[in-house]
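Hello,

Here is the structure I promised to pass on to you.

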Amino acid sequence: MTIENQGDNQGQVQDQAPGLDDNKIIAERRAKLAAIREQGIAFPNDFRPEHKAADLQAQYAGKSREELEAEPVPVVLAGRMMLKREAGKKAAFATLQDSSGKACDGRIQIYVTLDATGEAAMEAFRTYDLGDILGVTGTLFKTKTDELTVKVSELRLITKSLRPLPDKFHGLADQETKYRQRYVDLIMNEDTRRTFKARTAAISSIRRFMQENEFMEVETPMLHTIPGGAAAKPFITHHNALDMQMFLRIAPELYLKRLVVGGFDRVFEINRNFRNEGVSIRHNPEFTMMEFYAAYTDYQWIMNFTEAVIRQAAVDAHGSAVLTYGGRELDLSKPFHRLTIVGAINKFAPHYTNEQLDDAEFIKAELKKFGVKPHAHSGLGALQLALFEETAEAQLWEPTFIIDYPEEVSPLARASDTRKGITERFELFMVGREIANGFSELNDAEDQSARFLAQVAAKEAGDDEAMFYDADYIRALEYGMPPAGGCGIGIDRLIMLLTDSPNIRDVLLFPHLRKED
C-alpha cells in the first residue's frame, strides 16, 4: 500500500457531519464510554509518555526516509486526536496534538495498521472520536510526501471525549464562547496557545530580570483591613472568625514599603489586584501587576529601570523589541519619550495657550464640552490632568513617560523640592493607554499623614476613590524609611502589546464575564 500524507482538508469523522445534533453525538459517545467501562478501566492512569511532538519534529523532521529506516527511532507519546482519516480497511491516519511547541509543531501524524497494531487495537481505533486522548507506542518513519509519522505498534485510549470539538473549518468563532470555554479555545486555536505561552515567557523574563538586579520577591496580604496604595473602589468582604470587614487588595504598595522600612532595600511582587470598577477592553476587576521598590533611588532611576524591564520582556516573549500592534509599529528599542502633562497637551492639542492651561475656570469649561464633571475640590493640577486625559492620552502611541504629576492626585508620591504642588511621579503610556505608574516615594511621615487626611476630606466630599487613613503605615514611616522609588507595571496590558491583542480578555485565561444565561 502507498502511504500518503494526511492532507489539511481531510480528517472529517462521522460524528461531525453537518446537521448532526450535538446531543445525539454526546449520547453516542456516552454509549461508547459505557461499553468501555464494561470492559475494564475507562480512564487509565498508567501510561507515561516519553516524547513530545515538537521535540520529535525538531529532531527528526530533517531526516530522510532512508535514515529513519536505517536507524528506527522508538517513540512513546500521548495527545489529543484532532484529525482522523481511513486509508482502506487495513490502515488509518490520525493527527495527535500535545502541549509542546509554539504552534503546529505540537502535532504529529500517526499511522495505525492491521499488521503492526493488531486487529483488536485497529477495531478499537475505528470507534475513537476526534478529541479523544490517545497513548501510542511505535517508531518514526516518513510518508512519500515526507510527513514525519509514527507507525503505531501499541495504541490505547487514555481519555474518552464526550463532547464534539468545534468544526475544524469554522473553529470556535464566537468570541464570548472562547472566553467562557477557554479550554476549548486552547484545544482549537494555535493563536490562543501562542498568546498564553508568550504571557508566561514575559512574566518569567520579568521575574528573572528583577532577581538579576538584586530584587527580592515577596508576598504580601490579599485581604486588607484598610484598602490602600491606589485610588480605586475595593471589593468588600467579611471575616467571620474575627467579625470584621475586610477588603480585597487594590494594590500591594503600602505593604511593600513597610518591607523597605524593615530593611529589605529592593523588593518586588507579581501580584493579583482587585478593583470593583467597570469592565472594558482594558479593564478586568481582577488583574495582574508587578510592583517593585528600590531604596536610595528616585523616579528618574525608576523610569530608566522600568524601561529596561519592559524592553527585556519584549525581547524574551516576542523575540524583538520592535512590535506590531494593530497593524502599526511600536518600537521599544529606542529611548522612551518624556513629557509633562502640560507639555503633552501642548504637543497634541496645540490650540490651547499656556494662559488658558493656567486658568482653572477655562479648563472646567473645556472639560464640560467633553462631558467631564470634575470634583468640586479639584485644583488646577487635577484639572490639567483631566484635560490631558481627554485631549492627549489616546494619542501617546510611542512609549512616553508623562512626568511631574500634581500633588493633589499623588498622595503617596514625594513632592518636588523645586516646584510647589508638583510630585516626582510618572505614568508610562503606549498605544494610548497607561502601562505603568511610579514615583519617588514619600517617606516623610508627617507629610504622608497630612496627605491621608486630605484624602479623607475628599472622600467625605464625595470622592469614593479617595484613600483611607492608614495609621499603621504612618507608624511604620515614623520608624524611618530610606529614600526610595517604586513602580507598578500592568502585566495584562503589557501582554496585550506583546501579543497584538486588542482586548484584555484575550490575555486572561479566564476573564470575568456576565452570568451565563
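Glu434 counts as partly exposed because its relative accessibility is 26%; buried means under 20% relative accessible area, exposed over 50%, and partly exposed in between, with a 1.4 Å probe and protein chains only. Please bear in mind that this is a predicted model, where local features need pLDDT of at least 70, side-chain atom pairs count only at pLDDT 80 or more, and totals for chains, interfaces and linings use all residues. Residues are numbered from 1 along each chain as its sequence is written, and side-chain values use heavy atoms, with hydrogens and water left out.

UniProt, in an unreviewed entry, lists Glu434 under "binding site"; such annotations may be inferred rather than shown by experiment, feature names are shortened, and positions are in the numbering used here. Glu434 sits in strand S17, residues 433-440 (helices, H or I of at least four residues, and strands, E of at least two, are DSSP runs numbered from the N terminus). Not counting residues up to four places away in sequence, Glu434 touches Glu427, Leu428, Phe429 and Arg493, where contact means heavy atoms within 4.5 Å.

Arg433 is in strand S17 too. Which side chain of opposite charge is nearest to Arg433? That is Glu393, 8.3 Å away, and the buried Arg433 has no salt bridge (a side-chain nitrogen of Lys or Arg within 4 Å of a carboxyl oxygen of Asp or Glu; Lys and Arg count as positive and Asp and Glu as negative, with His and the chain ends not counted). The side chain of Arg433 does make a polar contact of 3.0 Å with that of Tyr325 (a pair of N or O atoms within 3.5 Å; within protein, one must be able to donate a hydrogen and the other to accept it, and residues adjacent in sequence count only if both atoms are side-chain atoms).

**Salt bridges**

There are 31 salt bridges in the structure. In one of them, Arg258 pairs with Asp470, with the closest N and O atoms 3.3 Å apart. Arg258 is in helix H9 and Asp470 in the loop between helix H15 and helix H16, so the pair ties together parts 212 residues apart in sequence. Both Arg258 and Asp470 are buried. Elsewhere, Arg29, Lys32, Asp129, Asp132 and Lys160 form a linked network of salt bridges.

Best wishes
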